Amino acid sequence: MSTEPRLAEVGEPEPAHRAAPGTDQAVKETLEDYTLRFAPRSYRRWTPMVVATTALGGIAYMADFSIGAGIGLAHGTGNALLAIAVAAVVIFVTGFPLAYYGARYNIDLDLITRGSGFGYFGSVLTSVIFASFTFIFFALEGSIMAQGLKLGLGLPLWLGYLVSTLMVIPLVIYGMTALSKLQVWTTPIWLLLMVGPLVYLVATDPGTVDRFLAYAGTDGDGGIDTASVLLGAGVCLSLIAQIGEQIDYLRFMPPKTEANKRSWWTAVVMAGPGWVVLGALKQAIGVFLAVYVIAEVGASAAPEPIQQFKGAFDAMMPSWLVVPLAVVLVVISQIKINVTNAYSGSLAWTNSFTRVTRRYPGRMVFVLVNLGFALALMEADMFSFLNSILGFYSNCAIAWVVTVATDIGINKYVLKLSPHAPEFRRGMLYAVNPVGVVAFVAASGLSIAMYFHALGDTLQPYSPVAAAVIAFVLTPLMAVVTKGRYYLRRTDDGIAEPLLDEDGNPSAVTYECHVCRQRFERPDVAACRTHDAVVCSLCLSTDKVGDHVLPAAV
């Protein structure tokens with residue numbers, strides 16, 4: 001039997017569906033935003049700058065203002081700014097290789113994780129971690145919006161939580177096509193409303209800057225303290241998993257060529273690891289506005305973004321316009337980020353469920369699941385213990401992201417023990433790769449123990465440092481110990497056509513999947529075990545008996 005499947009001809013009529021019952025709907029849905037799949041060149045019609053603008057629109061969240069305010073109020077401005085800077089450097093350095101791989105090879109962070117040390121089923125663990133990130137931050141943003149609706153419309157908080165949850169459902173159904181339009185059109189309004197008050201306060205009252213820089217916090221004397229800096233950095237580092245949401249957009253980057261390489265790299269850096277620059281600025285602004293509100297109103301309102309911007313707008317415009325503008329800013333910000341949270345979370349849950357059960361229930365099911373978790377957190381008043389939740393969660397997120405970034409940067413490019421091109425297809429990967437799984441479990445487990453004082457009060461602030469260092473050391477160590485043998489179950493996918501074209505981009509050559517009868521580009525298919533044909537990655541994932549899955553290479 002020939003191992004080279006039939007290549008689909010350009011312009012060939014779409015074949016009739018002859019797939020198993022239920023497969024057609026799964027294929028149709030995943031072809032809107034390529035849920036669980038490689039994003040093909042034929043779908044990636046956007047310019048690098050449109051993709052970057054869409055990705056950056058997703059970080060319009062107000063949580064940064066709350067995070068910055070919480071750290072500043074507790075530890076003082078100096079410690080808060082250092083904590084923000086430390087976290088930003090770590091997030092930028094670890095986010096760069098992940099963003100590059102997502103944009104270069106057009107796959108999301110879960111698919112990257114599979115081939116970067118975790119294995120086909122091993123990355124289910126990190127998918128759940130990422131899904132948790134999305135509903136935690138959805139709940140945080142929803143809480144902030146509910147505060148705005150209470151101030152502006154008098155809605156009780158419980159109803160505001162419900163409204164902020166339900167309103168994103170229509171927007172998140174349609175994937176990248178709808179999200180790109182939403183983010184591009186709302187970003188200028190959001191920037192104007194966010195930056196305007198800050199510029200006005202600094203220009204008209206320079207004393208606000210002096211008060212900001214001198215603020216000592218409730219837990220300190222104004223001096224720089226290592227423990228305070230690290231505790232604050234740990235809270236900020238809970239945002240390290242945001243790179244996963246950036247990659248959900250960056251995977252739609254066009255191919256990198258000589259003609260577009262400058263704009264391509266600019267977009268990848270700006271919208272990939274560069275998101276943290278704007279994030280860090282927002283956290284610093286959060287400290288500034290919190291100190292301003294303390295002087296003008298009182299400390300109790302300072303951590304709430306709606307109160308921060310109400311206080312700032314009060315200084316620059318008529319009173320009748322203050323509350324409406326503050327509410328508009330909060331609502332726009334909440335919609336921009338929470339459509340991304342709901343979208344990315346649904347991808348993560350669907351990825352995990354499909355691999356474990358070999359059944360695709362539809363992404364919309366997990367949009368509702370994610371929103372349900374978020375609503376439960378909001379109703380439990382998570383805003384009141386925000387820093388505790390984020391401080392705990394950051395240990396898991398740091399361990400995961402540092403492990404994958406180290407596998408790409410060290411194991412692939414320095415040690416060359418990890419395959420250079422990412423692999424995500426079932427049958428090509430081992431179920432579990434001890435390189436990433438051991439490094440992640442050890443780093444997150446020990447750092448969480450430190451966070452809960454299991455190793456003493458002195459070491460507790462150092463839990464995020466432990467998570468990063470252990471993951472960074474163990475990932476290459478495990479690759480050396482295992483000699484890289486658990487990355488690939490087989491190196492040949494049965495198709496002669498190269499995965500990459502002459503420019504190093506994923507090949508655009510198309511093949512027909514003999515299960516769902518759709519055409520897919522080269523990186524998304526593999527040869528079938530029992531037929532002289534190819535199978536797409538989703539049909540491989542949902543193959544319950546393994547008829548189509550290639551055997552392990554001898």
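**Exercise 1. Is Lys 412 buried or exposed, and which side chain does Lys 412 meet in a salt bridge?**

Step 1. Lys 412 has a relative accessibility of 3%. Buried means under 20% relative accessible area, exposed over 50%, and partly exposed in between (1.4 Å probe, protein chains only), so Lys 412 counts as buried.

Step 2. The side chain of Lys 412 meets that of Asp 407 in a salt bridge, 4.0 Å from N to O. A salt bridge is a side-chain nitrogen of Lys or Arg within 4 Å of a carboxyl oxygen of Asp or Glu.

Step 3. Asp 407 is buried too, with a relative accessible area of 0%.

A word on the model: it is predicted, local features need pLDDT of at least 70, side-chain atom pairs count only at pLDDT 80 or more, and totals for chains, interfaces and linings use all residues. Residues are numbered from 1 along each chain as its sequence is written, and side-chain values use heavy atoms, with hydrogens and water left out.

**Exercise 2. Which residue forms a salt bridge with Arg 522, and where in the chain do the two sit?**

Step 1. The partner is Asp 493, with the closest N and O atoms 2.8 Å apart.

Step 2. This pair links distant parts of the chain, 29 residues apart: Arg 522 lies in the loop between β2 (519–521) and β3 (525–527), and Asp 493 in the loop between α20 (463–482) and β1 (510–512). Helices (H or I, at least four residues) and strands (E, at least two) are DSSP runs, numbered from the N terminus.

Step 3. Arg 522 and Asp 493 are both buried. Together with Glu 423 and Arg 425, they are linked in a network of salt bridges.

**Exercise 3. Find the salt-bridge partner of Arg 211 and say how accessible each residue is.**

Step 1. Look for Asp 205: the closest N and O atoms of the pair are 3.7 Å apart.

Step 2. Arg 211 is partly exposed at 35% relative accessibility, and Asp 205 is partly exposed at 30%.

**Exercise 4. Where is Asn 370, and what does Asn 370 touch?**

Step 1. Go to helix α17 (residues 363–379), where Asn 370 has its place.

Step 2. Asn 370 is buried, with a relative accessible area of 2%.

Step 3. Leaving out residues up to four places away in sequence, Asn 370 touches several residues, including Ala 131, Phe 135, Asn 341 and Trp 349. Contact means heavy atoms within 4.5 Å.
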